[in-house]
Amino acid sequence: MFSALRGMPLDLFFRDDDADDDLPELHRLLKIFGNRGVPISLAVIPGTLTRPGAQTLRRAADSGEWLELHQHGWRHENHERTGRKCEFGVSRDMDAQRTDIAQGWARLADMVETPVAPVFTPPWNRCTPITAEVLRELGFCALSRERAGGALGVSLPEVSIAVDLFTWKGGAALKSPRSLGEEILRWAGERAPVGILLHHKVMRPEAFAMVEQLLDAVRSAARFHKLGDLCRNAN
Ligand SMILES: [Zn+2]
């Protein structure tokens, strides 16, 4: 499995979304990356973060340099009456977006008591140019969405993901190792580093096993990055 990736000098980063509660799936994910010392950036939902969830993240972050935390919206709530789900969409003006992002940052920093990277992943990977403007004003160094997200027309660096472990039409479906490997190789030929997106809440044993196999295939030759480091380089 993933034999085409073995020994390739890939530049990769991993982003896992929707961290908030102290779930067995979160522990399993942290163990997989922590045991191997492979960096991962967790997008944490500030408004729904629980005390036990925050404790687990803090403990893991204290255990080594491999874990990085950043902000995933405010409460992961949809505010749009029509169209696609969005927490920072066209119906939210600048003040509303600023309030949510600022209170999210404050609550996250307060609860995890460990450094948080000044990177913002908008829920559903969607936001508006206003969001980017507010983020810049608040001192964030980058925005992370999907590669296919389209330009926002503002000068805030993007460190966006290219490859999703799942397809989402009609519910989360795990991709085959073959198509995942092909996607990684295709993106690696276009632009480094290649961001890979995980969602621990929907990951079942076969998904965790696939991630372990992927890491073990690429580990010897790949370089792994964290979002915060990438945006420092982008600025
Ligand atoms: Zn999310």
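1. A residue is called buried here when its relative accessible area is under 20%, and exposed when that area is over 50%. The structure under review is a predicted model. By this criterion, L26, L29, L30, I32, F33 and R36 of helix α1 are buried.

2. Helix α1 covers residues 24–36, 13 residues in all, and spans 19 Å between its first and last C-alpha atoms, close to the 18 Å expected. Viewed down the helix axis, the buried residues of α1 fall within an arc of 155 degrees, so they line one face. An α-helix has 3.6 residues a turn, so residues three or four places apart point the same way.

3. The face of α1 turned away from the buried side carries P24, K31 and N35, which are exposed. The buried residues of α1 pack against several elements: strands β1 (11–19), β2 (40–44), β3 (67–71) and β9 (194–198), together with helices α2 (51–62) and α6 (205–218). Just after α1, G37 adopts a positive phi of about 65 degrees.

4. The model holds 15 salt bridges. Side chains of opposite charge can pair when their charged atoms come close. R36, already noted as a buried residue of α1, belongs to a network of salt bridges that also links E212, D216 and R219.

5. D11 and R223 form a salt bridge through their side chains, at 3.1 Å from N to O. D11 belongs to strand β1 and R223 to strand β10 (residues 223–225), so this pair ties together parts that are 212 residues apart in sequence. D11 is buried, at 15% relative accessible area, whereas R223 is exposed, at 53% relative accessibility.

6. A salt bridge also joins R98 and E137, whose closest N and O atoms are 2.7 Å apart. Because R98 lies in helix α3 (residues 94–112) and E137 in helix α4 (residues 129–138), the pair ties together parts that are 39 residues apart in sequence. Partly exposed is the class of R98, with a relative accessibility of 24%, and E137 is likewise partly exposed, at 47%.

7. The salt bridge between the side chains of R178 and E182 has an N to O distance of 3.3 Å. Both residues lie in helix α5 (residues 177–190), four residues apart, about one turn of the helix. R178 is exposed, with a relative accessibility of 65%, while E182 is partly exposed, at 42%.

How values were computed: Residues numbered from 1 in each chain as written. Predicted model: local features only at pLDDT ≥ 70, side-chain atom pairs only at ≥ 80, totals over all residues. Heavy atoms only, no water. Helix = DSSP H or I, 4+ residues; strand = E, 2+ residues; numbered from the N terminus. Expected span 1.5 Å × (residues − 1). Buried < 20%, exposed > 50% of the residue type's maximum accessible area, 1.4 Å probe, protein only. Arc of directions from axis to C-beta. Contact = heavy atoms within 4.5 Å. Salt bridge = Lys/Arg side-chain N within 4 Å of Asp/Glu carboxyl O.
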